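Below is a short note for a colleague opening this entry for the first time. Please read the points alongside the sequence and the model.

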Amino acid sequence: MFDILIRSGLVVDGSGTAGFRADVAIEGGRIAEVGLLPGAEAATVMDATGLVVTPGFIDMHSHADFSLPVWPSAESLVHQGITTAVVGQCGNSPAPLLKETRDQVIRQMDASMGRAGEPLPWERWTSFKTYLEDLSRVGTSLNIVPLVGQGTVRAGVMRFGPGPANPEQRARMTAAVAQAMEEGAFGLSTGLIYPPGSFTHAEEIAAIAQPVGDRGGIYFSHIRGEADTLLTAISEAIQIGRESGAAVQISHFKVAGRKNWDTVDRALTLIDEARAEGLDVTADLYPYLAGSTALSALLPQWAHEGGKEAVSKRLADPRVREQMTVSMQSEGFAKDMEWDRVLISFAPGKAEYQGRYVAELAQEKGKTPHEWIFDAILETGLRATMVTFMMSEENRLRELRHPAIMIGTDGMGYAVSGSMSQGLPHPRNYGTFPRILGHYVREEKVISLEEAVWKMTGFPARKLGLRDRGLVRKGRWADLTLFDPTRVADKATYVSPHQYPEGIPHVLVRGEFVVRDGVHTGARPGVVLAR
Ligand SMILES: [Zn+2]
């Protein structure tokens, strides 16, 4: 007598091999049998005829650490079939918060994450350990793989100042990373377009990543440039892996900006060459042509020095505004931005900006796009976010076919009602995984179903060293996703993102239904995973 028996589904087991018809039995949260089990009985029997049964999806790039503590049910993620999320990305982890600098780091992170909903309970997160204990106590609907953020660590020790760390500062940062690794981090992340990551040289990152390499951890990077400087930025990430001994994950891989689109092959070749050299270098992507980040990410790097208050002061000064405009026109993220392709997605206190493009908003007010952006950043307390259309579909297809590329939402847990239903978050928060399965597998036939599932399950599990997840095999945890291959589809759009996908009726985490018949059950069986 099993707990649950899933009958007659097409098992695509996460290894990349062909799907096969089988029953899956679950007992004590784990997969007890996979095969034809005609005589088997169970407390709950589910007929999965017509459904594909796969391991739960592993989201390789998640910012759900900024939503889970206050919104642990993570509807927008679990409805996609995600059962495990890798958080602490882009240099931002909510812990450890060092005492002297705590308040400033919290203010900066609260602003830069552009999050809707309740304030986070930062008080106890002085160490990585207390933070993970808090997450465990809250109990989440999906499992968590935590990373420690280089930005959090460096701001803790050096605030938001530029320049290299002195030996004492470097030792403190390395010790903080080592401690987080001992307490459960799977690796270190950087966000090298955001302060203070943007102020940090590769050599310093490689030094503080040493404890990651020593412990078999992974260096995740939002690299220093995704447009003109993409190739050097990829090489830098690989070099940091080579020097520190850490495996490398290039986050939300993309080639941004029309005039750079033809560098995609060279960028992917850099990854191939590193792998041929024996380095464990992989990447992840979300299947959309627009990115999304804080509106303030358009400002030149020097404008971020000193953190939020210093930035606000600069934005209020007409002479500094002129200097910022000159910088933005000549370098960085804002340089080749097409303002009629930059959509304001979240603007606290200025809801009338949401869902509209910068070019038209500026024109309406009789301002230049730059002046409008400076005003909007100030008006929203630096919390406005944008969606920028900057990628090529043809490149997306190539990237998706590349054997080193996995899938990540770059999202967090939203919901269609309640405090996490505000603003216009990027549709990737709701639609990443079903969009791959519906649009790119079924409609465009870019990759096979088995290959897509491998990129979402077995492959990331292997990279993360999750030996009892990522495959539908006897003995592994019963994190499972059941979907209808003929119907699975994303529904979220840029102007109407708060919509769950279709065709993913059941999701189980550790043998418990988190989504059943398309409805979130309220269950929170997720755990913080140990490295
Ligand atoms: Zn990022």
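1. Across the interface of domain 1 and domain 2, the rule finds 4 salt bridges; a salt bridge here is a side-chain nitrogen of Lys or Arg within 4 Å of a carboxyl oxygen of Asp or Glu. The model is predicted, so local features need pLDDT of at least 70 and side-chain atom pairs count only at pLDDT 80 or more, while totals for chains, interfaces and linings use all residues. Residues are numbered from 1 along each chain as its sequence is written, and side-chain values use heavy atoms, with hydrogens and water left out.

2. The two domains are domain 1 (57-289 + 390-464) and domain 2 (293-389), with bounds that come from an automatic or database domain assignment. Their C-alpha centres lie 24 Å apart. Contact (heavy atoms within 4.5 Å) involves 26 residues of domain 1 and 27 residues of domain 2.

3. Between them the domains bury about 2,100 Å², of which 54% is on carbon and sulfur atoms. In domain 1, Ala111, Met390 and Leu424 lose the most area to domain 2, together 25% of what that side buries. Buried area is the accessible area (1.4 Å probe) that two parts lose on being put together, summed over both.

4. Polar contacts between domain 1 and domain 2 come to 11 residue pairs, both residues at pLDDT 80 or more. A polar contact is a pair of N or O atoms within 3.5 Å; within protein, one must be able to donate a hydrogen and the other to accept it, and residues adjacent in sequence count only if both atoms are side-chain atoms.

5. In the whole structure, 36 salt bridges are found. One of them joins Arg172 and Glu100 (3.3 Å, N to O). This pair links distant parts of the chain, 72 residues apart: Arg172 is in helix H5 (residues 167-183), and Glu100 is in the loop between strand S7 (82-87) and helix H2 (102-112). Helices (H or I, at least four residues) and strands (E, at least two) are DSSP runs, numbered from the N terminus. Arg172 is partly exposed at 33% relative accessible area, whereas Glu100 is exposed at 51%. Buried means under 20% relative accessible area, exposed over 50%, and partly exposed in between (1.4 Å probe, protein chains only).

6. Lys129 and Glu133 also meet in a salt bridge (3.6 Å, N to O). They sit 4 residues apart in helix H3 (residues 128-138), and so are separated by about one helical turn. Lys129 is partly exposed at 44%, as is Glu133 at 38%.

7. Which residues of helix H8 are buried? They are Leu230, Ala233, Ile234, Glu236, Ala237, Ile238, Ile240, Gly241 and Ser244. Elements that they pack against include helix H6 (202-208), strand S11 (218-222) and helix H9 (264-276). H8 (residues 230-244) has 15 residues and reaches 21 Å from its first C-alpha to its last, close to the 21 Å expected at 1.5 Å a residue; the expected span is 1.5 Å times one less than the number of residues. Just after H8, Gly245 takes a positive phi of about 85°.

8. His304 lies in the loop between strand S14 (290-294) and helix H10 (308-315). His304 is buried, with a relative accessible area of 6%. Leaving aside neighbours within four places in sequence, His304 is in contact with residues including Phe160, Pro195, Phe199 and Arg314.
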